Amino acid sequence: MPLILETVVTTLSATGELHLVPFGLIREGEDFVLAPFRPSPTIENLTSRPCFAASAPSDVRVIAGAVTGRRDWPVVDCDRIAGKRLADCFGHAEFEVASIEDDATRPRYRGRMVHAVSHVPFIGYNRAQGAVIEAAILSTRLHMLEPEKILTEMAYHAIAIAKTAGPAEHEAWNWIEDKVAAALGRSGRVLDGTSRPS
């Protein structure tokens, strides 16, 4: 299995409009592959501007927010490409598209890294942050997975939220809980145990 890094990818349209989305970058040798499903604003943007930035957000709410319709996060200009990156991040990398493997469902854009820099010291992992990321990914697969599986996995990740989350992680988790509850037609919440499957 390839190494996949969960990041926030930013691209610009031909008219300069920003698209910000969580993405798993696939490591292949020295390059990273971006493989969005059609249809996708990312694909449209890469057609007109074949470059992108990948940021490691220092606030996990960016990832939870992006998958729940909250995409208005501060960005700044990139250093080497004509693009934008997250303003608040541990670090970011800038890529130029070196090649494209076209596909009717999921084209693959091979990104050649042209610049990378760290912005904030990273001194440790937080289990709640990981739980939010996993729950965010789950929330993008609501149309693919059975409700029982979703709730079982959410219940497991809720343990880390209950034990290690700070205010930002709690807020991010609540956004995802709201999305999952709306999709499944439930009023209870996983974190307090009212939606835990039997």
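1. Cys-78 first: its sulfur sits 7.6 Å from the closest cysteine sulfur, in Cys-51, which is too far for a bond. A search of the whole structure turns up zero disulfides (a disulfide being a pair of cysteine sulfur atoms within 2.5 Å). Cys-78 is buried at 10% relative accessibility, and Cys-51 is buried too, at 14% (buried is under 20% relative accessible area, exposed over 50%, partly exposed in between, with a 1.4 Å probe and protein chains only).

2. Before you go further, this is a predicted model: local features need pLDDT of at least 70, side-chain atom pairs count only at pLDDT 80 or more, and totals for chains, interfaces and linings use all residues. Residues are numbered from 1 along each chain as its sequence is written, and side-chain values use heavy atoms, with hydrogens and water left out.

3. The largest pocket holds about 880 Å³ of space. A pocket here is an open set of points on a 1 Å grid over the protein atoms alone, where a 1.4 Å probe fits, with protein on both sides within 12 Å along at least five of seven lines; lining residues have an atom within 4 Å of a point. Its 29 lining residues include Pro-22, Phe-23, Phe-37, Thr-140 and Arg-141, which lie nearest the centre.

4. The lining of that largest pocket divides into 17 nonpolar, six polar and six charged residues (nonpolar: Ala, Val, Leu, Ile, Met, Phe, Trp, Tyr, Cys and Pro; charged: Asp, Glu, Lys and Arg; polar: the others, Gly among them).

5. The second largest pocket has about 690 Å³ of space. Glu-6, Ala-56, Pro-57, Phe-90 and Phe-122 are the closest to its centre among 30 lining residues. Its lining splits into 18 nonpolar, nine polar and three charged.

How values were computed: Points joined across faces, edges and corners; volume = space filled by probe spheres on them.
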